[in-house]
Amino acid sequence: MEKFIMSIDSGGQGIRCLLFNKKGEMIQKEYQRTPAEHPSPGAEEHDPILLRDSMFDVVRRVLDKQKITASEVEAIGISNQRASFLLWEKETGKPLCNLISWADVRAAKITDQMNKNKKWQGLKNFAKVASKLTGSKMLTATSMLKFTTDHVPCRLNWFFSTHPEIKKRCETGEVLFGTLDTWFVYSLTKGEKHLTDMSNAVTTSLFNPFQLKWNEMFFNIFDIPSKMFPSVIDTNGDFGLTDPELFGAAIPIRCVIGDQMGALFGHCCFEPGEIKISQGSGAFVDMNVGHKPGISKRGLFPLLAWSIDGKPTYMLEGFVATAGTLINWLGNGIGLSSTGPELDSFAEQCDDTDGVICLPTPAGIRFPYFNPDMRACILGLSLSTHRKHVARAVLEGIALRLVDIITGMKKDAKQEIASIKVDGGLSKSNVLLESLANFANITVRRASEPDLSGTGAAYMAGLATGYWASKEELLKIQEEYTIFAPSISDKKREQKLRRWNKSINSIMKIDKKPIAGRRAYQDRD
């Protein structure tokens, strides 16, 4: 009997189920929209029952379309949007709240209070002094940490402040906490397993990436009940079996991984210095830094990419908040172009921007500048400026922001860049990828498959069961990439980067007042 590997990939707007054969070919894909709810200003939530039922539905549709049974599925892998969470009753499995998204900003006030907490301030001051004496990366990271609303403890404490009765139940062990992966595993196993993996645990900010365990000190300082948290296992661990009644037979769940980590694995970025960039509404830059946690003293914290058979792999992550979102605004907001391909076609009509520079920062700027007040702007306009010049400047501006992040990672992690692989809707722009290759002076490779998060989860699950024998086999079955090699002179590159840095620094002087406790990268409009 031919066997297959299945993956479930849940993002901010929908859930996909993917089916792969032994050759690594995606032979079936089903999708179900799961839009967010916004019940109040700053809120972003998802109905957990809708998410659960939509997950069940896409799995059944894949099985039906391929006319296969659940017994023909070797294993399932799960990739998911990170740092969103919910609470549910341990005894009944009934959700006690919606899934509160990482993008929810209602905890802004609580976040300010947490940053001013005297115990927390004392710990940070101690860590700052001790890190200088010992050189400890863990203490350095602690001294730099400033909570924002995308950190789980901030939103969790906000929820407890509005629902004190639920907090009491959490303290007695009646309630379970879970990020989206934990909720899916719990639902698929009919309550048998309450688990997460290290890649998801670390993005809650409550899991210590150095000691590889839940951070009891944070639980104590911020009065967070620890009994409700799931057990943390390897990314390729045994997450149980799906309940046979769901799909007709039990399917092993052999991978759980955060979405960006899944994409890094899907690109087969197995070695230190390998980078992937996923370009959608935002652009996430993730770099494999090997088996020891890397750290940037300018604000990038170590994340766990995955843990295989007890051996963790770490990564650093930076991002441009508004990439695809900016392209959409250019059409809907000011009418420059109605679609991404149209913008690209305008940009292809010229070889340079005629001196125009676009800073693509309508929702602030993060690493390595960290200014949430900074706004987007277009500089260098003249009477000879044409729409094509502005279009090219926008795409070059996004590329230059990515170069900022890549260069910063290289410098701070003291790690040479081995390769850059890209995926996502915005990566269809040839002008953007040509610009990225030119300004970074590194060859850029574009994947033909857009669903790399789900691909990574499938690869990991297949390795866990022996469906694929090794990482080397995965490298062999990977689909070919489109190559974009650097093609400009060093002199032209240096001129472009010099003008870009001058522009950034000039606008930073105008928009330099930070907003405490607010996420630097989310424009709620």
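Where is the place of Lys414? Lys414 lies in the loop between helix H14 (387-413) and strand E20 (419-423); helices (H or I, at least four residues) and strands (E, at least two) are DSSP runs, numbered from the N terminus.

1. Basis of the note. This is a predicted model, in which local features need pLDDT of at least 70 and side-chain atom pairs count only at pLDDT 80 or more, whereas totals for chains, interfaces and linings use all residues. Residues are numbered from 1 along each chain as its sequence is written, and side-chain values use heavy atoms, with hydrogens and water left out.

2. Lys414. The phi angle of Lys414 is near 50 degrees, a positive value in a residue other than glycine. Lys414 is exposed, at a relative accessible area of 75% (exposed means over 50%, buried under 20%, and partly exposed in between, with a 1.4 Å probe and protein chains only).

3. The loop between E18 and E19. Phe370 lies in the loop between E18 and E19; its phi is near 55 degrees, a positive value in a residue other than glycine. Phe370 is partly exposed, at 30% relative accessibility.

4. Cysteines. The structure holds zero disulfides, a disulfide being a pair of cysteine sulfur atoms within 2.5 Å. The closest cysteine sulfur to that of Cys154 is in Cys97, 16 Å away and so too far for a bond. For Cys255, the closest is in Cys268, at 13 Å, which is also too far for a bond. Cys154 is buried, with a relative accessible area of 0%, and Cys255 counts as buried at 0% relative accessibility.
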